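Please look at the sequence and the model together.

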Amino acid sequence: MLMDSNALDNSSEFAFVEKRIRALTTILAKMNYHRRAPIDRQQVPSLLRYFVNLLTPSDVFSPEVKKAIAVTGAIVHDGVNERFQALVVTQNLDPPSSPTESKLEEVTKSRKSFQEIVNSHDDVSLIEYISDIWTALASFEHSTDNYIALTRFVINRCRRKLFTRIFLYQKIWHVHVAQKLADWAPKANELPETRWLDAPHWFSLISVLPEKEVPKRQQGPPDNQVTQLEFSNNTVHLWAWLLGRLILNLENHVMEAQDIENEGDALGFKRAMGEVSDWCTALYCYISWDAGVVKTLLTKTTLALKFDGSTTGGNGGDQDLYDSDESHDLGPEPYESSGGRVLRYLKGIVAWNSAISTLMKPTYCEIARNELSISLLEIPQANFDIANLDDIYKTFINTASPKPSIVYKDLARSILQRHLPQTFPGTVHAEATLMGLLTYFTPSSSRAAFEMPLQDDHVAALDKLLEPATAENAIAVGRKCCWCCDRLRVELQEANGMRFKCPGSNGGIYPWSPPRVGVDIKVLQRLYNALFQKLHDAINEEGMYFLPWPTSDAYRGSLLSPLDIWPQQFLPISLFDSDTGEASVNADAEPLESGPNENMDSV
């Protein structure tokens, strides 16, 4: 038996499963195992989605970014006013800076004025930035100058992630997206009809060469004429060119800003970042224009075909255990056209502009001006223990069916050995922590917890803070969830009826450790079973590239083929019985030599 749940208390049982989940996710991450995620129709409320976008860390590849952010909360009505009550949770993948105990801090509004905040270009701590951004939203007075100032402040703070997103096409596509848009030669009948569109205010601010100007006309009475723009088969190439040029200009200004920053010219860099922000705003205006020109270009014309067959699938060429550049998030979605994927890429570039424009609406501005209740929780990395090679290898072989050959065993062990490190390189994801906390503080919860370093006063504060959020269980994250977090969401729904609203999954598996609060051990056992099935699939796929075929020396003079030594199938794996918690393995499997508390040291 793999584990006798009756012989172990909950803490040691959790530690056993935790080490194995850590090992399996790390192996799969190093094998770059990735699957297209299913469609998720759950919609996170817009206030949470846009608020978390504004909290993007400043540097994608620094330790600070590894404090990935997830937010849950709700608007609370007190009979007179509305206030936003939320919890921000961070994860930290940088071991040297990991705290030894949980840290819960209340966020208070800054005493700085709006102008003092937006004119500051210094990077500050996350809690200071949350305070600054909320104060800026609360003190915002509607004017063009204030909108530009706030946008420049946010874009500068989030510049590293913005820069990464802009140039992500180099990893995702084999073509220069902006240049393809600008150079597109349409067919004769791209659009079914000619449309005359009222010119938006921002259109007059963009200067183009005379030969690239979109034809205009004046409509209406002489004292109140409206300028209209032609969108037709004759002009569709001009609209595509405009989109391409906006992106190209943005790219050029980003490269200029990077050069100036490297030269140490602070004033020049501030000016250059202002230009970057303004070009982002222009691109956002075009993409979000309610005439829907950009969406039409990318989804209803042959322009979309320019991106067919030119994709890497979202993984790129270089292995990154944490997908720091979020390229997995741009993987193709079910039923998504190639043009639709380009549109999603462009929306990611202007996500901060979209967030600011939405949160500036009167409804949200009024909420921002009222009392707020926001806290920041940082969960520590408990330890870096991980199951060892022998433990994972024996369990893997015991669950293979039919009984594997010696060649297969040797190959499987070599693959596992190559990808299993001595220490765990990951963390507990922020959204997984929130799912656990929301489950824990639900009135009907069994309140499962395993050596969670939460102080008593933290527990009381979190209970009060999360009470409104448990009604909707919405979790906003600055990116898509990984496969494990999404699977945890599914398992919690099946086990407890908890329905979480999350941003969907990118299908990627990264080094992942389960949350220590709110998740019953049986839920983790089912997640562990699913991960072992993924490991079987991944080793099957990788192993097929290394198996010798009958013409090689290994099979010369033999009637055997690879199919004779390779397991033809793996039965659905159930390493733990979901009802009893006991382990179940194939009847013909080799016996394990160690129990759950033995042979678990790192190799």
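Leu87 stands opposite Ser375 in E7. The model is predicted, so local features need pLDDT of at least 70 and side-chain atom pairs count only at pLDDT 80 or more, while totals for chains, interfaces and linings use all residues. Residues are numbered from 1 along each chain as its sequence is written, and side-chain values use heavy atoms, with hydrogens and water left out.

Strand E2 (residues 82-90) and strand E7 (residues 373-378) run parallel and are joined by 6 bridges. Two strands pair if DSSP finds at least two bridges between them. Helices (H or I, at least four residues) and strands (E, at least two) are DSSP runs, numbered from the N terminus.

The open sheet has 5 strands in the order E3-E7-E2-E1-E8, with mixed pairing. Strand E3 (103-107) and strand E8 (475-477) each have a single partner strand, so one side of each is left without a neighbour in the sheet. From one strand to the next, the twist averages 20°.

Two helices touch this sheet, where contact means heavy atoms within 4.5 Å. Angles run from 0 to 180 degrees between N-to-C directions, and axes are lines fitted to C-alpha atoms, for helices over the stretch in contact.

| H2 (residues 46-54) | E1 (69-77), E2, E7 and E8 | about 140° with E1 |
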